[in-house]
Amino acid sequence: MATSTGTPQSDAVAPEADGTGVRRRDFINIAAVSAAGVGGLVTLIPLVSQMAPSKDVLAESTTELDISAIEPGQAIKAVFRKQPVFVRNLTQKEMDEADAVPLSRLRDPETLEERTKEGHRNILVTMGVCTHLGCVPLGAGEGENRGEFGGYFCPCHGSSYDTAARIRKGPAPSNLVVPDYEFTSDTTILIG
Ligand code: FES
């Protein structure tokens, strides 16, 4: 009777001769990933430093204004982030007119109080950009048409703003925007 004398064959993959094959492959993979990680870091650092704003850009992002020369009833035009900004010193009469308007009559209801800083409610700071299509309204310059509500008038399509620069008539959907700003002294404001 014939008997088999061959060595039994196994389906399992034999370990490599020194028994370290798997670990070596892992090391190669880890080394490749680590190299990619270092490469990523090296390219990230210059990118982050490029993204940091330069001093020039930071300076452009704020506007400091001396408002001591603005008489009651007068306004000035300035520039903030390349856009016009109006600063107006309201008379008592203009403040009273703004206070007398019921909020229910306003398209974009805001009080003068909410649009000015505490203790400085006579100083109205707004962007000089009509909220309809972005024209520069009249009313900040000497002798300019302030419209029928005594604030600002946009001649492009006839939007009228009141003495608190709130939209009262015409196609503009909202009040002139009050930018972020603060008083750094009684006569100086920092916008931005
Ligand atoms: S842009 Fe001012 S009314 Fe149209």
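Reader: Between which two strands does the loop with R81 lie?

Author: This is a predicted model, in which local features need pLDDT of at least 70, side-chain atom pairs count only at pLDDT 80 or more, and totals for chains, interfaces and linings use all residues. Residue numbers start from 1 along each chain as its sequence is written. Strands are DSSP runs of E with at least two residues, helices are runs of H or I with at least four, and both are numbered from the N terminus. On these terms, the loop that holds R81 lies between β2 and β3.

Reader: What is the phi of R81 in the hairpin of β2 and β3?

Author: The hairpin has two residues between its strands. R81 is a residue other than glycine, yet its phi is positive. The value is near 50 degrees.

Reader: Is R81 buried, partly exposed or exposed?

Author: The classes rest on the number of other C-beta atoms, placed from the backbone, within 10 Å of a residue's own: 20 or more for buried, 12 or fewer for exposed, and partly exposed in between. R81 has 13 such atoms within 10 Å, and therefore counts as partly exposed.

Reader: In what order do β2, β3 and β4 form their open sheet?

Author: β3 and β4 pair in the antiparallel sense over five bridges, and N89 stands opposite I123 in β4. The pairing in this open sheet of three strands is antiparallel, and the order is β2-β3-β4.

Reader: Which strands stand at the edges of that sheet?

Author: An edge strand here has a single partner strand, so one side of it is left without a neighbour in the sheet. This applies to β2 and β4.

Reader: Which residue in β9 is the bridge partner of Y181?

Author: β8 and β9 pair in the antiparallel sense over four bridges. In β9, the partner of Y181 is I191.

Reader: How many residues does the largest nonpolar core have?

Author: A nonpolar core is a set of buried Ala, Val, Leu, Ile, Met, Phe, Trp, Tyr and Cys residues joined through C-beta atoms within 7 Å. Those with the most contacts inside the largest core are V85, V125, Y152, Y161, A165 and I191. β2 (75–80), β3 (83–89), β4 (123–127), β5 (150–154) and β9 (188–191) each supply at least two residues of this core. The core has 26 residues.

Reader: Is A165 buried or exposed?

Author: The place of A165 is in the loop between β6 (159–162) and β7 (167–169). Its phi is near 60 degrees, a positive value in a residue other than glycine. A165 has 27 other C-beta atoms within 10 Å, and is therefore buried.

Reader: How much of the chain counts as buried?

Author: The chain has four helices and nine strands. Of its 192 residues, the buried share is 22%.

Definitions and conventions
Pairing = 2+ DSSP bridges.
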